[in-house]
Amino acid sequence: MSTPSLSLSALPIRRLTPRDTMLCADLSHDRGWPREEHKWGLLLAAGTAYGMDAPDGNGLLSACVVTSYGPPGNPDLQAVGMVLVAARYARRGVGRHLMRHVLAEAGSTPLTLHATANGRPLYEELGFKTVGGVESLQGTFTPGSPQPRIATRPATAEDLPTILHLDGAVFGSDRTHVITRLPAFADRLRVAEERGRIIGYGGIWPNTGAEMVGPLIARDTETAVALIASLAAGATRPVRVDVDARHEGVLSWLRDRGLSPSFHNDVMTYGTTDLPGDWTRRFAPLTVAAG
């Protein structure tokens with residue numbers, strides 16, 4: 001029986017853990033999103049997740065994940081993602097209540113998120129500002145010519161310190177706790193080299209209905225497309241890449257290789273006017289849910 005007088009904002013918000021992976025996947029499915037159990041597993045292990053149990057006893061009412069970057073216990077950036085509210089409780093202030101909890105928990109730590117067109121009005125109301133955009137392209141990858149000049153190879157355990165150093169410089173904050181999970185999370189992890197020096201790296205991992213390229217850090221466009229080509233060469237399903245909209249050369253190259261625009265997200269920040277790091281070498285996130 002429905003209870004119209006129930007104040008959903010009075011319900012407790014609890015910490016979610018990897019044990020809640022299936023409940024989070026069910027909530028994604030409820031909102032028409034892919035279930036993405038593999039991605040949820042990573043986010044719940046590497047981040048701090050919040051959720052509310054549905055008052056009707058049927059799964060989760062809402063959920064979101066906050067991934068912290070920087071010194072442990074003293075982050076300098078947090079990424080908010082997977083903000084979801086069960087469809088039967090939509091438009092009752094639940095998302096606003098959950099996000100206010102996130103803001104209170106963050107304190108003075110700057111936040112970033114990738115907003116859909118539907119979510120952007122709420123985030124603007126809360127004080128988030130748009131600082132950029134990401135274009136998502138997906139499709140069957142078709143190799144073309146000429147072949148990339150930059151050499152790539154599979155990453156090894158010995159490469160990890162160099163990858164972490166490069167990633168920190170480009171991302172602008174330490175995300176060791178996320179990057180060190182890539183060998184187990186990704187299907188393939190590759191580095192680009194020039195004269196024995198690593199100048200970029202990227203991964204590709206299984207998602208619902210597609211193989212996701214990310215993260216993608218590269219010296220320049222030529223290096224980025226070489227990494228994408230080498231990662232996508234083994235794909236048996238459609239390939240998806242979420243590209244910083246400023247990298248027009250990569251977007252054009254992907255369209256020429258058979259990928260089509262899928263959707264656009266606005267990159268938003270709270271408590272800072274821009275993201276740290278070097279966007280010219282940051283081509284694609286691990287996932288938009290983790291910044």
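What follows is a walk through the pocket, the cavity, a helix pair and some backbone features.

Reply: Before we start, this is a predicted model, so local features need pLDDT of at least 70 and side-chain atom pairs count only at pLDDT 80 or more, while totals for chains, interfaces and linings use all residues. Residues are numbered from 1 along each chain as its sequence is written, and side-chain values use heavy atoms, with hydrogens and water left out.

Me: How big is the largest pocket, by volume?
Reply: Rolling a probe the size of a water molecule over the atoms shows where empty space is left. On a 1 Å grid over the protein atoms alone, a pocket is an open set of points with protein on both sides within 12 Å along at least five of seven lines, whereas a cavity is a set where a 1.4 Å probe fits but cannot get out; lining residues have an atom within 4 Å of a point. Points are joined across faces, edges and corners, and the volume is the space filled by probe spheres set on them. Here the largest pocket comes to about 1,200 Å³.

Me: Which residues lie nearest the centre of the largest pocket?
Reply: Trp-33, Val-83, Thr-116, Asn-118 and Gly-119, out of 40 lining residues. By class, the lining has 19 nonpolar, 13 polar and 8 charged residues. Nonpolar covers Ala, Val, Leu, Ile, Met, Phe, Trp, Tyr, Cys and Pro, charged covers Asp, Glu, Lys and Arg, and the others, Gly among them, are polar.

Me: Which strand gives the most to that lining?
Reply: Strand S4, with 6 residues. Helices (H or I, at least four residues) and strands (E, at least two) are DSSP runs, numbered from the N terminus. Among the other elements supplying at least two residues each are helix H3 (94-106) and strand S12 (260-270).

Me: And what lines the largest cavity?
Reply: The structure holds 1 cavity of 30 Å³ or more, and about 40 Å³ of space lies in the largest cavity. Its lining is Leu-42, Leu-43, Ala-46, Thr-67, Val-178, Leu-286, Thr-287 and Ala-290, which splits into 6 nonpolar, 2 polar and no charged residues. Helix H2 (residues 37-46) gives the most, with 3 residues.

Me: Is Ala-46 buried or exposed?
Reply: Buried means under 20% relative accessible area, exposed over 50%, and partly exposed in between (1.4 Å probe, protein chains only). Ala-46, in helix H2, counts as buried because its relative accessibility is 14%. The C-alpha atoms of Ala-46 and Arg-181 are separated by 8.5 Å, although the two are 135 residues apart along the chain.

Me: Which residues does the cis bond with omega of about -5 degrees join?
Reply: Gly-214 and Pro-215, the latter found in strand S10. The peptide bond from Ser-145 to Pro-146 is also cis, with omega near 0 degrees, and Pro-146 is in the loop between strand S6 (129-139) and strand S7 (151-154).
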